[in-house]
Every structure is written in C-alpha cells, then in structure tokens.
Amino acid sequence: MPNWLLPEHIADVLPSEARKIEELRRLMLDNFRRYGYELVMPPLLEYVESLMTGAGQDVELRTFKLVDQISGRMLGLRADMTTQVARIDAHLLNRHSVTRLCYAGSVLHTRPSGLHTTREPLQIGAEIYGHAGLEADAEIQELALASLALANFTDVRLDLSHVGVLRAIIAECPQASKDEAALSALLRGKDVPGLEVLTANYSPVVRDALRALPNLYGDVDVLKRAREVLPDVPGVAKALAELAALAGSAIGRAEVAIDLADLRGYQYESGAMFALYVPGLPNAVARGGRYDHVGEAFGRARPATGFSMDLRELARLLPTAERKHSIRAPWGNAPELKEKIAELRKSGEVVIQSLPGHSEEQDEFECDRALVLDDSGSNWILKNLG
C-alpha cells in the first residue's frame, strides 16, 4: 500500500477549498463577537470520563480512545465540543451571570455520519449559559440563521422539535418512563410498527399519544393538531407554546417545519431543538437546542442552549472561490524594491515575488499586474499584464 494514502473518510483540504473554509470561519466568529460571544479553545483530547460527561451513547461510540503514556489513563479525542464548552463555563469561568461562548476547531469521529461525510469535521458553534427563558433559545436560533445568511444561503428550512413533549407524555406511566430510550429511538426512525408493539401494554392515553407523534410533522399548523390529539398536561402545553414562539420568530427568514418525533440529540437535550437544512445536502447543516443538565456533572447545573455546524460540509456546497488578483514582483534585495513591496502589502495587496528560475503556479492567485522599473530605471511602478 502506498505510504501517502490517508484513512477512509479522512482527506487533505487543498488551497481553494481551504480558503473558502477559513473565510467562513472568520466571518462567523466575527459575527459571533458582534453578538457578544467570547471565543474559547478547548483541547483536542481529554480524559474519557470528562469527554463523556453529559454526552449520549452516540458520542461515546464516535470517540477515538487511546492510553496516555504519562498517566496510564484513558484519553479521548473529542467527537463534539459542546460538553467541553459546558465544562469551561461550569468549572473554569464559574460566572453567575449570563455567559456567551463560541468556538471553532476540528473534531474526530470513529465512523462517518453519512456516505460522503468526513470523519474530521471542522465544528463551529455558539452557546449561551445562565438564562432559562425562551429569549436565549430565540437568540441562538437567530444566530444560526444569521450564520447561514453570511454564507449566502437564502433557501433555508428550519425544523423544530421539543424533548418536553415526549417526557410530559410518559411522566405518569412508569412502564413508558422505563422504556424512554427505546421510545426515543423508535420515534426518531418513525418506526410505527415497532412503536405499536412497545406501547401495547401502556395506558390508553399514553399509548395513543405516543402513536400519534410520528404523524405530527409539517408546517406550523401541526401545533394546532398536536393540541387536539395530545394529552392536556402542563408539560405538553408548555412545549407546544415554546415551539409556536420559536416558529414565529423565524417566519420570513426560513421555511419553518415542526416534527414532534425528531429526537436526535435526545440524550442530553432538555427542551426545544432545531435543525437547519439547505439545498444540496440531505443531512442537517446545523443542529441546536437546550441542554440544561450537562453542567451538573462538572459541579454546577446551568441553563444552556446552543448550536453547532460543520464548516467543511458547508463550504463544500459553496461555489469555487474566485482567484484573487495579485501582483508579480521580481526577486531582489534592493532597498527601493523591498520598500515598495512592503508598501503594497500594507495597503492590502497580494505581492508574490518570483524566485529565480521558477515559473509561478497558484490555484488561488491571478497575477494581473507586475512590479517593474520605469523607463528611467529608478522608480518601481505597477504594470498591467495583458
């Protein structure tokens, strides 16, 4: 086997694609800062116990593990940065006020999440800690939509769901509460036959409500149908009211859909959840939601909500970046030449000095001007190249 081959679903990022990704990263992080989010940089690897804290089983299965040669303890390469940022808020910053944090960095997955996806996503996201009200959920949703707008995505679909619906339905049924994980898996897959088998011995009210959930998807009118067919209990009413408010805040910025059986991320989510979809990609390009209990394991429970997306997957949908106009300059040590090049670069120009004996081949730059001496041979001037 050639020694330059990379593992499956691991790839190099070449110049034009790398520039698209980096420009997106800068745009989004700068926009997060305008909303008041502070940048943090969690480590790539941690002790497994810390990485798995508050995370679901799916995160554990996606995490690469290795033995630390210093301590002998098991380390994990992060598969998701959400719990790391929650640890920073709960244990290191230890603030009592609202805290807004953002991040960007590579994560590693043992298996790809889709047929053509990478096992090394570049995750970017934002989180709000310390506010339990719906205002924080609305801000995170707005920020996620604004991030896609920065990438020039205008045809966006927002799918909303809520963990509270399922939990309120099964709260008064001990058998259903015991089967919570199995129920969430069946609902995610919209496995109606499996749901009918599992709920056969539940109380009629709980059984009928659970069997109704897979069909409660569509536009915002789904919420009206849900109020008619689901039990009239406070937890269900509260969840549906929150979904109605979040849907209303997004109308005009995205096509809004409701899916009360979409419980991906259920393991650590605790409230409203959303997913964003764009043309050209079957999977969600961004996911977010409320997860109030993750910080408990780090010593301090804090209300929390946030979102994340994969910049590499997002950049793949964008058109090839245009080559940047640049200036070709000769190689030399003359003070006047160096001064002129420094002046041009300071003004924002790209100046590429030609090394002796080599032609220039760049994917990113198009040299449309050259730095040459004028007819007197004493001044460096720019000359347009035909």
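Student: Where does His-9 sit in the chain?

Tutor: The place of His-9 is in the segment before helix H1, which covers residues 15-34. Please keep in mind that this is a predicted model.

Student: Is His-9 buried, exposed or partly exposed, and how do you know?

Tutor: Let's set the value against the cut-offs. Buried means under 20% relative accessible area, and exposed means over 50%. The value for His-9 is 30%, so His-9 counts as partly exposed.

Student: What makes the backbone of His-9 worth a look?

Tutor: Its phi is near 65°, a positive value in a residue other than glycine. Lys-190 also has a positive phi, of about 50°, although Lys-190 is not a glycine. You will find Lys-190 in the loop between helix H8 (180-188) and helix H9 (192-198). Its relative accessibility is 30%, which lies between 20% and 50%, so Lys-190 is called partly exposed.

Student: Into which domains is the protein chain divided?

Tutor: Domain 1 takes residues 1-154 + 278-321, domain 2 takes 157-263, and domain 3 takes 324-384. The C-alpha centres of domain 1 and domain 2 lie 27 Å apart. In the contact, 8 residues come from domain 1 and 10 residues from domain 2.

Student: Which residues touch the most other members in the largest nonpolar core?

Tutor: They are Phe-32, Ile-169, Leu-230, Leu-260 and Leu-276, out of 71 residues in that core. Helix H12 (residues 234-250) gives the largest share, 7 residues. Domain 1 and domain 2 each supply at least three residues to this core. There is also a second, separate core of 15 residues, with Ala-86, Leu-101, Val-107 and Tyr-129 among them.

Student: Why would such side chains gather at all?

Tutor: In soluble globular proteins, nonpolar side chains tend to be buried together.

Student: Which residues are in contact with Val-236, leaving aside its neighbours within four places in sequence?

Tutor: They are Val-165, Ala-168, Ile-169, Leu-230 and Pro-231. As for Val-350, it is 114 residues from Val-236 in sequence, and their C-alpha atoms are 58 Å apart in space.

Student: What makes strand E9 count as mostly covered?

Tutor: Of the 5 residues in strand E9 (255-259), 4 are buried. E9 pairs with strand E7 (residues 157-162) in the parallel sense over 4 bridges, and Leu-160 has Ile-258 in E9 as its bridge partner. Strand E8 (residues 217-218) pairs with E9 in the antiparallel sense. Two strands pair if at least two bridges are found between them, and E8 and E9 have 2 bridges, so they count as paired. Gly-218 stands opposite Ile-258 in E9.

Student: Why are E2 and E3 said to stand at the edges?

Tutor: Strand E2 (45-47) and strand E3 (64-67) each have a single partner strand, so one side of each is left without a neighbour in the sheet. The order in this open sheet of 3 strands is E2-E4-E3, with antiparallel pairing. The twist averages 35° from one strand to the next. Between E3 and strand E4 (residues 74-77) there are 4 bridges, and Val-67 stands opposite Met-74 in E4.

Student: How many disulfides does the structure hold?

Tutor: It holds 0 disulfides. The cysteines include Cys-102, whose relative accessible area of 2% is under 20%, so Cys-102 is buried.

Terms used. Residues numbered from 1 in each chain as written. Predicted model: local features only at pLDDT ≥ 70, side-chain atom pairs only at ≥ 80, totals over all residues. Heavy atoms only, no water. Core = buried A, V, L, I, M, F, W, Y, C linked by side-chain atoms within 4.5 Å. Buried < 20%, exposed > 50% of the residue type's maximum accessible area, 1.4 Å probe, protein only. Domains from an automatic or database assignment. Disulfide = S-S within 2.5 Å. Axes fitted to C-alpha atoms, helices over the stretch in contact; angles between N-to-C directions. Contact = heavy atoms within 4.5 Å.
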